[in-house]
Amino acid sequence: MLLRERNLAVPELIRTEIEVWTSRGAAVLYLVRDQEIIGALALEDKIRPEARQAIVDLHAIGIERVVMITGDAQQVADAVAAELGIDEVSAEVLPEDKQNKVAELQTRGFRVAMVGDGVNDAPALARADVGLAIGAGTDVAIESAGVVLAGNDPRSVTGVIRLSKASYRKMRQNLAWAAGYNIIAIPLAAGALSWAGITLAPAIGAIMMSLSTIVVAVNAQLLRRVELSPESY
């Protein structure tokens with residue numbers, strides 16, 4: 001981006017080598033002197049195996065679209081996305097524009113969960129429907145997020161989604177259990193169907209209400225069975 005702003009052209013002497021670097025996803029740094037490019041360096045990050053598995057896990061649990069928003073060069077982002085199986089890439093994004101990218105996804109009808117760890121990610125974490133900060137990240141990112149992941153394993157994102165879905169299921173189940181007991185027991189104990197010969201002793205109704213509390217508590221404890229460790233996926 002800086003080269004385009006300064007209208008600097010890559011010398012033919014190093015153009016072929018640079019094309020090889022960029023084709024494999026390397027980030028290229030240029031050495032400039034007196035408004036002339038005199039050299040270049042290639043930097044490549046090794047992709048963590050956990051990142052690849054994290055994308056597989058997200059797709060496996062039904063996440064519709066995995067998007068990468070990065071300030072890295074387009075060719076670097078494309079190479080990483082292709083290797084990891086990422087669905088969409090927004091590259092060369094300035095720090096202040098990350099939240100705009102999140103907003104753009106929201107206007108397209110997506111509910112966005114943003115994962116980040118740096119100062120530059122804080123506005124996007126706050127803008128997303130759910131912000132997930134890496135526990136090893138900066139304090140400002142952690143304060144801007146709604147969820148903080150312990151450690152820096154990206155596979156933990158799947159664990160958060162699994163736990164949230166399981167918790168929602170338990171909430172609905174417990175509501176059904178509690179409402180079911182009370183809707184049946186209270187009217188019967190009050191004699192609502194006594195005209196049809198159907199009655200329930202108040203003491204039995206009280207016992208059933210207490211039983212509903214026990215069932216709800218036991219059902220909630222079953223959340224402990226949800227596998228959250230990345231190694232268990």
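1. Start with Asp-34: this residue is exposed, with a relative accessible area of 72%. (Buried means under 20% relative accessible area, exposed over 50%, and partly exposed in between, using a 1.4 Å probe and protein chains only.) Asp-34 sits in the loop between strand 1 (27-33) and strand 2 (36-43). It has a positive phi of about 55°, although it is not a glycine.

2. A quick word on ground rules. This is a predicted model, where local features need pLDDT of at least 70, side-chain atom pairs count only at pLDDT 80 or more, and totals for chains, interfaces and linings use all residues. Residues are numbered from 1 along each chain as its sequence is written, and side-chain values use heavy atoms, with hydrogens and water left out.

3. Now look at Gln-35, which is also in the loop between strand 1 and strand 2. Gln-35 isn't a glycine, yet it has a positive phi of about 60°.

4. Zooming out, the protein has 9 helices and 7 strands. (Helices, H or I with at least four residues, and strands, E with at least two, are DSSP runs numbered from the N terminus.)

5. What about overall shape? The C-alpha atoms fill a box of roughly 100 × 35 × 30 Å, taken along the principal axes. The protein has a radius of gyration of 27 Å, while a compact globule of 233 residues would be near 17 Å. (That radius is taken over C-alpha atoms, and the globule rule is 2.2 Å times the number of residues to the power 0.38.) Buried residues make up 29% of the 233 residues.

6. Have a look at how helix 3 (residues 49-60) meets helix 8 (residues 156-189): their axes come within 8 Å and cross at roughly 25°. (Axes are lines fitted to C-alpha atoms, for helices over the stretch in contact, and angles run from 0 to 180 degrees between N-to-C directions.) Helix 3 and helix 8 are therefore roughly parallel to each other; the label covers angles under 35 degrees, with over 145 being roughly antiparallel, 65 to 115 roughly perpendicular and the rest oblique. Ala-54, Asp-57 and Leu-58 of helix 3 make the contact with Val-157, Thr-158 and Ile-161 of helix 8, where contact means heavy atoms within 4.5 Å.

7. Last one: Pro-95 is in the loop between strand 4 (88-90) and helix 5 (98-107). At 33% relative accessibility, Pro-95 counts as partly exposed. Pro-95 and Arg-52 are 43 residues apart in sequence and 25 Å apart in space, C-alpha to C-alpha.
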